[in-house]
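Please consult the sequence and the structure shown below while reading.

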Amino acid sequence: MAKSHSVWTSIRFWRQSAAWVTGFAVVLLILLTFDTMRQIKMGGKRVPSPSVINNHIDYKYSKKRGHEVPVIGDKEPFFGKQWSDEEAAALLHKGKLTSQAKNCMNCHTLLGNGAYYAPDLTKAWLDPKWKQMMPMVGAKTKEEAIAKFLQHPEMYPTHERRMPNLKITPDEAKALVAFLKHMSAIDTNGFPRGFSKGVKEFEAGGTYAH
Amino acid sequence: MLTSIKNNNLQFESQKLGLMYFRVALILFGAQLLMGLIAAIQFMYPEFLYGLFDFSVARMVHINALVVWMLYAMIGAVYYMLPDETGIEAVGIGLGKLAFWVLTAAVTVVVLVYIFIQIGPGKESTIWFINEGREYIEAPRWADIGIVVVVLIFYYNVFFTFMKGKKTGVMTVMVANLLALAGLYLAGMFFTDNISMDQYWWWWVIHLWVEATWEVFVGTLAAYALIKIIDAKREIVEMWLWIEVLMLFGSGILGLGHHYFWIGTPEYWWEIGALFSALEPVPLVAMFVHVLYDWGKEQGAHGDRPAIKNGPAMAWIVTNAFGNFLGAGIWGFFHTLPQVNIYTHGTQFTAAHGHLAFFGAYATILIGMMYLGVQGAYGVERMKATFKSKMAIFLITFGVLGMTVALTIAGYEQVLVERAELGGGWDAFFTAQALPWMKQAMTWRTIMGVVTFIGFVYLVLDLLTIGKESQKNS
């Protein structure tokens, strides 16, 4: 091939450009990763420490940010007690492990990632549904209701699609509830937006009620 | 394809090994489709196999078979092109063959454990021996380590063959890109209690595979295939390849930001993710233009001799150019901006994009490579499409497009009713799922899944017979 005179048809030019652009993108990604790691470490400002399970958690609209943010409130008992930092960390560890061992992510989404066969679990701890479930499963508190449901989901069908029995033990169920409560306290930049806002109309026999 | 196991025209052991990888890839492709059909039926009839083979299991095997068949076909494609590009045999072919059998045995064990054991107790041992419970990379840790060893052997073969033989631009890109592709797998091999951290690194594997290194891989395969099938000029093809690398990595690496909108990561990812992922379709347009341009240019440039040496392979590569742009580019862009994504994230919209993108960007070109392999194995000068080839490409493409349209409609409905109207909780989810619109969409998805599967049957039959038929006709 005759020697090219234009830079636009020079392989060397494009090869070097590709290397520079890729290098720049990689360096920027690494720098941003360092900053993100700092911001999302457990106990940082976006992902609370495991002991957040001892607090009341809410999800409120922030005018300043233009979306809902988790609001970490006063202390409240979790399974009837306050958990020390070590206990809370151990519980969360078991909960996260169980969420993987039971393959939650291949039906549900966590932080919006996973499969689309069952509800998103990002703010599941805050779901108004648990108030309805408490008398159904015979539980006095929300955490108890979730734990009981998780151990025998096949016994409490709420819709045509039922969660299967995944042989979740009482300890694993408790740990999973801690995992869900902790996840609901993560600052997800307002995802999901307007969480469960239509539920009141729904319960009152709104447009789409059965 | 089968009869070529013992008796074939391939000069190099490396290419024979490539064909072995293709055969397993095809079996896993079939498994992927069957599992997809089970999951699709469960969307319509939730009691189907309930408690025995639940949706989570079918879906896990569906997406794992997808990833693994594609990796098999990719490794196969590299072993196939290696001697063509470097001019020599792979340096460690014996080791390469051993790695193939080790990997295949490991994949078989992993799949059997997925199917029969499914889940384990909430302990580390489950993650080590049953499944890791992380979408797409569920393979237990022991298998992860095995995969790393096998990939090291594969990379050793590619790298040292490249160093010893001829160094083409196509192979230079391949060698550099494979290093990144293989290295990224390590980012998915650790456990953390912090779900945000977990998802951050999980996306390094998933995104930087499918939206960066896998795309460059496809560009490299397309470059090789165009030279091989239509005698495209190497200088032009390689220049395009570097432009593609520039644009794919320039947009795709930081495009990773579009997965960091809602997982606990800071707000600046909104802007970074939006900007770079909006640029991601640009190289896909370029790749599309490039393939059609080369095809048009070579057509008629050789007198009476037709430009295309392998009809079905070329058809699949053109489908790739179009499907990559449509599935990854357009369907990706649909929901990539955070203002839209806050509603579409984690809905059937993603599933629609996933189906068309994996098919358009990857399945197509890998099938094209299988046809190239068959042509080589039977030593056919010119391989023309048969009736079966045409049925395969038509039914599979039509089926996947149909599934995508159905899932897109399901996605719209879910986004508007579940998310925008009812706010995405438990009742919101099931209300949207129970609407007739969703049910219709899921029915059409299943029907189109069956169409895809019939196309797959044609594809297998064609790959098994086209070589011999072409030999007879020539």
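## Chain A: elements and overall form

Chain A of this predicted model contains six helices and four strands; helices (H or I, at least four residues) and strands (E, at least two) are DSSP runs, numbered from the N terminus. In sequence order, the elements of chain A follow the pattern α-β-β-α-β-β-α-α-α-α. The radius of gyration of chain A, taken over C-alpha atoms, is 23 Å, well over the 17 Å that the globule rule (2.2 Å times the number of residues to the power 0.38) gives for 210 residues, so chain A is more spread out than a compact globule. Along the principal axes, the C-alpha atoms of chain A fill a box of roughly 85 × 45 × 40 Å.

Chain A is divided into domain 1 (7–40) and domain 2 (50–203), with bounds from an automatic or database domain assignment. The C-alpha centres of these two domains of chain A lie 39 Å apart. Of the 210 residues in chain A, 44% are buried, which requires 20 or more other C-beta atoms within 10 Å of the residue's own, with C-beta atoms placed from the backbone. Two residues are in contact if their C-beta atoms, placed from the backbone, lie within 7 Å. Among the contacts in chain A with a separation of 6 or more, 51% join residues 24 or more positions apart.

## Basis of the model

Because the model is predicted, local features need pLDDT of at least 70 and side-chain atom pairs count only at pLDDT 80 or more, whereas totals for chains, interfaces and linings use all residues. Residues are numbered from 1 along each chain as its sequence is written, while chains are lettered from A and ligands numbered from 1 in the order in which they are written.

## Chain B: overall form

Chain B has 16 helices and zero strands. The radius of gyration of chain B is 22 Å, close to the 23 Å that the globule rule gives for 474 residues, so chain B is as compact as a globular protein of that length. The C-alpha trace of chain B spans about 65 × 45 × 45 Å along its principal axes.

Buried residues account for 62% of the 474 residues of chain B. Among contacts in chain B between residues at least 6 apart in sequence, 81% join residues at least 24 apart.

## Helix packing in chain B

Helix α13 (residues 348–378) and helix α14 (residues 387–421) of chain B pack at an angle of about 160 degrees, with their axes 6 Å apart. Axes are lines fitted to C-alpha atoms, for helices over the stretch in contact, and angles run from 0 to 180 degrees between N-to-C directions. The angle makes α13(B) roughly antiparallel to α14(B), a term for angles over 145 degrees. The residues that meet include B:Phe349 and B:Leu356 in α13(B) and B:Met403 and B:Leu407 in α14(B).

The axes of α7(B) and α13(B) come within 10 Å and cross at roughly 35 degrees. Among the residues making this contact are B:Trp214 of α7(B) and B:Tyr362 of α13(B).

## Where the chains meet

In the interface, 68 residues of chain B are in contact with 74 residues of chain A. Elements of chain B that give two or more residues to this side include α2 (55–86), α7 (195–230), α13 and α14. The largest share of the side of chain B that touches chain A, 11 residues, comes from α8(B).

Note on methods:
A residue is buried if 20 or more other C-beta atoms lie within 10 Å of its own, exposed if 12 or fewer, and partly exposed in between; C-beta atoms are placed from the backbone. Angles under 35 degrees count as roughly parallel, over 145 as roughly antiparallel, 65 to 115 as roughly perpendicular and the rest as oblique.
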